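Please look over the structure below before reading on. The briefing is grouped by topic.

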Amino acid sequence: MKTSRFNFFAMALIGTIMLLGGCGISKNGNYYAENEAFVRTSLENDDIYIFIDRIVPSFVGVQPISSSDGYFLSIEDGDLNCYLPYFGRIHNSVVLVAENAGIEVDGSQIKFKKRQNKNKTSTIITFDCKNQYSTETLSFNIEIYNNGSATITLQSIFRDTISYYGKLEKRPEKRNK
């Protein structure tokens, strides 16, 4: 009698775990499918907003940053807007305004190239543009993975290479000033 009662409870427990586990997979499956659809739509429409959460200067390891810092890269209707910090060595200070070594671009029209990587797990976007605070030309290499994570690698002849990690997100609503 004790053995059959134990078997009944054991089977009920295993069944409950399997049922709950199956529900979790279904929810996660829907989330991932919706996220991949969002990424695909954003890339097809050339409407890209990447929120930056980690910075990798070439001379040090990954630097986590606060989400309240507001660093981002946005491409909308061929216009680039970005607000990115810079940590690293600057080799020619003449090209930079003394107060601001960051990377800022406000509405510069760009022409970019877009292609998929060999495995079709990400889309790579490349372009060049001028930094708002200097005469330097910046080369951007953006890789957006199917799950929405993104890597931005930035190069200039005047400074060390730097990479930014983030996530493709829904564009925040514009605030009225």
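The model is predicted. It holds three aromatic pairs, and two of these are described here.

**Aromatic pairs**

- A pair of aromatic rings is described by how far apart the centres are and by the angle of the planes.
- The ring centres of Tyr49 and Phe72 are 5.7 Å apart and the planes meet at 15°, so this pair is stacked, since planes under 30 degrees apart count as stacked.
- Tyr49 belongs to strand 1 (residues 48-57) and Phe72 to strand 3 (residues 72-76), so the pair ties together parts that are 23 residues apart in sequence.
- Tyr49 has a relative accessible area of 11%, so Tyr49 is buried, the limit for that word being under 20%.
- Phe127 and Phe140 also form a stacked aromatic pair, with 4.8 Å from centre to centre and 15° between the planes.
- Phe127 is found in strand 7 (residues 122-130) and Phe140 in strand 8 (residues 137-145), so this pair ties together parts that are 13 residues apart in sequence.
- Phe127 is buried, with a relative accessible area of 4%, and Phe140 is buried too, with a value of 2%.

**A charge over a ring**

- Arg159 has its charged end over the ring of Tyr86, at 4.5 Å from the ring centre.

**Strand 1 and its partners**

- Strand 1 is mostly covered, as eight of its 10 residues are buried.
- With strand 3, strand 1 pairs in the antiparallel sense over four bridges.
- In this pairing, Ile48 stands opposite Ile75 of strand 3.
- With strand 10 (residues 159-168), strand 1 pairs in the antiparallel sense over seven bridges.
- Here Phe51 stands opposite Lys167 of strand 10.

**The second largest pocket**

- Rolling a probe the size of a water molecule over the atoms shows where empty space is left.
- The second largest pocket holds about 200 Å³ of space.
- Which elements give two or more residues to the lining of the second largest pocket? They are helix 1 (2-44) and strand 6 (113-116).
- Helix 1 gives the most to this lining, with five residues.
- Residues that line the pocket include Glu36, Val39, Arg40, Leu43 and Glu44, and among the others are Lys114, Gln116 and Asn146.
- Sorted by class, the lining has five charged, three polar and two nonpolar residues.

Methods:
Residues are numbered from 1 along each chain as its sequence is written. This is a predicted model: local features need pLDDT of at least 70, side-chain atom pairs count only at pLDDT 80 or more; totals for chains, interfaces and linings use all residues. Side-chain values use heavy atoms; hydrogens and water are left out. Rings of Phe, Tyr and Trp (its six-membered ring) pair if their centres lie within 6.5 Å; planes under 30 degrees apart count as stacked, over 60 as edge-to-face and the rest as tilted. Buried means under 20% relative accessible area, exposed over 50%, partly exposed in between (1.4 Å probe, protein chains only). A charge sits over a ring if NZ of Lys or CZ of Arg is within 6 Å of the ring centre and within 35 degrees of the ring normal. Two strands pair if DSSP finds at least two bridges between them. On a 1 Å grid over the protein atoms alone, a cavity is a set of points where a 1.4 Å probe fits but cannot get out, and a pocket is an open set with protein on both sides within 12 Å along at least five of seven lines; lining residues have an atom within 4 Å of a point. Grid points are joined across faces, edges and corners, and a volume is the space filled by probe spheres set on the points. Ala, Val, Leu, Ile, Met, Phe, Trp, Tyr, Cys and Pro count as nonpolar, Asp, Glu, Lys and Arg as charged, and the others, Gly among them, as polar.
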